[in-house]
Amino acid sequence: MNGQHRKNIRAGAEVNIIRKRDQGTAILTRGIVKDILTKSSFHTHGIKVRLVSGDVGRVREVIDESDESNSESTIRELH
């Protein structure tokens, strides 16, 4: 699910984010949302969140538990 709409993201959801230092690369970080930092309902680059791990970044995709396929990007898992 796309991470540009705030309505698709909730605390406790599993997401893939792009951290600021990883912009321009294909490195995504997977984790659980702790806080939603973007106040607007939509952001073109993704809603900014803080993960339980403390990482902050913009949501690229919300992981659908019924779909376990991985994207082609490199994913660094942090739980």
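Start by selecting Val33, which you will find in strand E2, the stretch covering residues 27–36. Keep in mind as you look around that this is a predicted model. Is Val33 buried or exposed? Its relative accessibility is 3%, so Val33 counts as buried.

Val33 and Val52 are 19 residues apart along the chain, yet their C-alpha atoms are separated by 6.1 Å. Now show what else touches Val33. Leaving out residues up to four places away in sequence, its partners include Ile9, Arg10, Ala11, Gly12, Ala13 and Val15. Val49, Arg50, Leu51 and Val52 also touch Val33.

Now widen the view and select Ile9, Val15, Ile17, Val33, Ile47, Val49, Leu51, Val59 and Val62 together: these nine residues form the largest nonpolar core.

Which residues is Val49 in contact with, once neighbours within four places in sequence are set aside? Among them are Ile9, Ile17 and Val33, which are also members of the core. Val49 is in contact with Asp35, Ile36 and Leu37 too, as well as Asp55, Val56, Gly57 and Val59.

For the last stop, go to Arg19 in strand E1, which spans residues 14–19. Arg19 has a relative accessible area of 5%, under the 20% cut-off, so this residue is buried. Show its side chain along with that of Thr29: the two side chains make a polar contact at 3.3 Å.

Key
Residues are numbered from 1 along each chain as its sequence is written. This is a predicted model: local features need pLDDT of at least 70, side-chain atom pairs count only at pLDDT 80 or more; totals for chains, interfaces and linings use all residues. Side-chain values use heavy atoms; hydrogens and water are left out. Helices (H or I, at least four residues) and strands (E, at least two) are DSSP runs, numbered from the N terminus. Buried means under 20% relative accessible area, exposed over 50%, partly exposed in between (1.4 Å probe, protein chains only). A polar contact is a pair of N or O atoms within 3.5 Å; within protein, one must be able to donate a hydrogen and the other to accept it, and residues adjacent in sequence count only if both atoms are side-chain atoms. Contact means heavy atoms within 4.5 Å. A nonpolar core is a set of buried Ala, Val, Leu, Ile, Met, Phe, Trp, Tyr and Cys residues joined through side-chain atoms within 4.5 Å.
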